[in-house]
Amino acid sequence: MFAFLKIQLAAIDFNQLLTFCVLLCDLTMNVKQMSQSYVCKAIVKATSLEMQEVLSLRIEQLLNDTYEEGPLSLYVKPEDVAVKPIALMDCPQSFSHTTYKGNYSWPLTSPATEAEVSCRKNPLQSAQRSCAISIELEQAFWKKPNMTECKLLEELPNNILDLHNIMITEDNAQDVVQHILYLLPDATLHMEELEIITSKISDIVGVADMTVTLAETILSILNYILLQKIEDQNIRKMTNSILGTTEEIGYKVTYTERNTSVITTSLALLVTSPDPSVFGGLAFGVTSYNRGMDLKIDVQENPFKNALASVFLPKSLKKFLGIEHSDPDKHSKIQFKFFGMTSLFADDSLKKERLNTYVVGASIEHASIQNLNEPVTITLQHVDRNTGNAAVHCVFWDFEKNNGLGGWNTSGCEMEYTDMNYTICFCNHLTHFGVLLDLSRTQTDITHDRILTLLSYAGCGASSLFLGITLVTYLALEKLRRDNPSKILLNLCAALLMLNMVFLTNSWLSSFNQPGLCITVAVLLHYFLLAAFTWMCLESVHFYLALVKVFNVYVPKYILKCCVAGWGIPAIVITIVLIINKDFYGNGSHSEGNPFSNFCWIQENIVFYISVVAYVFVIFLTNTAMFITVLLQIHSVKSRTQKRSRIWKRGFLQDLKSAFSLMFLLGLTWGFVFFAWGAVRIFFLYLFSIFNTLQGFFIFVFHCLMKEEVVKQCRVHFCWGRCHLNNYSDWSGSGGTAGSTPRRLNHTSPSQRLWSLNSNGTSTTFNGSNFLPKTSPDGNSRIAEVHYNPSAVPPDDGETKQPCSRRILPMDTDRTIHREQDFFTDTEFVFF
């Protein structure tokens, strides 16, 4: 004996998120910080010898309990349970006609049971039809027949082209889809075949009940087509149709849970029906995907922190979800789609941009989402790392663009954040989204990329060698490093040498794939790059003090302060970056075709622009200003003093060498990068790579090989035979260089009392040994006595305090100026 009983359960005062399942009730409740009332109804077929009244009472008693699942609990009180018996009629005898699988007669069937009849084509299999019960109407009714196991009366054609004449009906939809999937490996997938496939799929979606199995089969067909990467431009005519079909599949698919997903190797969709009453935002994300493998998709309330692609829908979309209803089937559906293969999204209108992310889409059933006040957040990981800092554009697929063929459009979308690995976009509508990489501003071809890389490594290797020779030479010869310019030069060479060494070993060290090691290498490269530019800036400041601010310039502990600035300021910058986030440093990639693809460097664009670009740009502007100022100063002096000179060609060549020496020493060749755009971009990239990587070589040439004092000292100490030179005594002591402590003037040797901005590497030299034959050193020696204020300059240790300057009286002014002009007339300007 059995009886049908209708159970109504009302649960009141929920203060937590509740999940409760009672008998046939599958109730999912999402309640936060408020009391809610829910009603759950079920029909139970109970088999018992007891009377219906007794059975109803027992069920009520069994339901009066506290139900717990993890941290959630539900207390059901006796007054909240209602059980009553109902009388149901059997499902009557029925007849169904199908065109492709034959006719079937269904016998009288009891409620909550299933009828089976043999298939016409294959009698060993059977068709099923359920006699279900409507809870609301309290009546039995027939559900649709399930003829999946039954074969078609006539076989389907063995090629896709012949499917054109097959009419799609509800009973053959599953068979046609399976047949298309079976024929695909042998199909040529020309335009005509693709049109037939998309047409049949569209018909199937329109007439058939979309089970999860049918949806998976259809998406598998589309996935197979996308994986072929068909280059026929005519496939673009079907893009909008395919996108519309996939969206319709999502909304028609039947499921019993709150959400369901259909996943293939590179194509997936997820559909959910959130409760509008508790909707506070929703995030969809692809948590795993590897080029057609291991595709995983998920949904959660909060934005994804780590996802290959994700879409976060704001709380304001609640108004598009329809009215609040206790029945989940009445809620509007939200659909999320992911395309791991992007061949479907070709846009011929793009000239210098390419799609560099996967494509995601989001939509709400029966709603057109436009002009949102609170934007939708789309996060997309780059397929290829944006190592060239190329411009990116957040775009959506515009179905109306390109005369209805579809294309990418930027309207309503803006880039919120981007770096080498991913981009975050804000859009005020829902559709399909992607990120375009602007190739017009970056990326040389593979050939130029390899050549530039090899030039950089070769140049850095040569610079390292010659910087080492320069350092050894100056460190070995004590007379060469006496003055301040030489000491500044030594520090600059040390910074450049370490920068080159770290750069040369960077790719090799990053190949070990050790995050800690890579961060250390990136930090060192960053530090020595900033240190090199800081010492270049100190060189320019020293030139300014020596040649422009000549008089009354004395800085106590000058070199110590330079060292604190030159090595300390970069250390402060690096420390700040590390304190904020050490993961700003990491392993990047130049390009897939580059043999030195692994490279440890700054990974965040904002950090790169602030701590490198801005820093270098300020120093570059400073050095350029100092360079121009120094050249104008020299030109001004020589224009007054060389009017009677008959050797202007020699002076011009000397000035040209001086300008080149300064240009390389101050790093002005970095300015080539500002011209690397447009038609001359490649040309200036080559200049940039050659001159900057060879900076150390040029320093050696101008400040060792072509510097008379260095050559003579090397001949004295390192040469034998004919090349050997006796001890070179005509050596200028440190005199008027900025920050130097002036030496006591030797009145017995007038030639050594000349104004000497000694430049063993970095400053302008006015050296007595370079006088023209007509110059009288003794006549000009007194000019040196006017350049320092005795009260401002302490004497050297061990020296007696003697006045080293005299006051210029008014009546001596004209005579002094005349002598100074004579001095500059007969003096050469030498930077090396």
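Mentor: First a term: two strands pair if DSSP finds at least two bridges between them. Strands (E, at least two residues) and helices (H or I, at least four) are DSSP runs, numbered from the N terminus. This is a predicted model, where local features need pLDDT of at least 70, side-chain atom pairs count only at pLDDT 80 or more, and totals for chains, interfaces and linings use all residues. Residues are numbered from 1 along each chain as its sequence is written, and side-chain values use heavy atoms, with hydrogens and water left out.

Trainee: Which residue in strand 11 does E116 stand opposite?

Mentor: Q128. Strand 10 and strand 11 (residues 126-134) are antiparallel and share six bridges.

Trainee: In what order do the three strands of that open sheet come?

Mentor: The order is 10-11-12, with antiparallel pairing. Strand 10 (113-118) and strand 12 (139-142) are at the edges with a single partner strand each, so one side of each has no neighbour in the sheet.

Trainee: Switching topic. Which residues touch the most other members of the largest nonpolar core?

Mentor: I197, I204, I218, L313, F338, V360 and I378, out of 93 residues. Such a core is a set of buried Ala, Val, Leu, Ile, Met, Phe, Trp, Tyr and Cys residues joined through side-chain atoms within 4.5 Å. Buried means under 20% relative accessible area, exposed over 50%, partly exposed in between (1.4 Å probe, protein chains only).

Trainee: Which helix gives the most to this core?

Mentor: Helix 4 (residues 212-227), with eight residues. A second, separate core has 70 residues, including F528 and L666.

Trainee: And A571, where does it lie?

Mentor: A571 is in helix 9 (residues 558-580). A571 counts as partly exposed because its relative accessibility is 28%.
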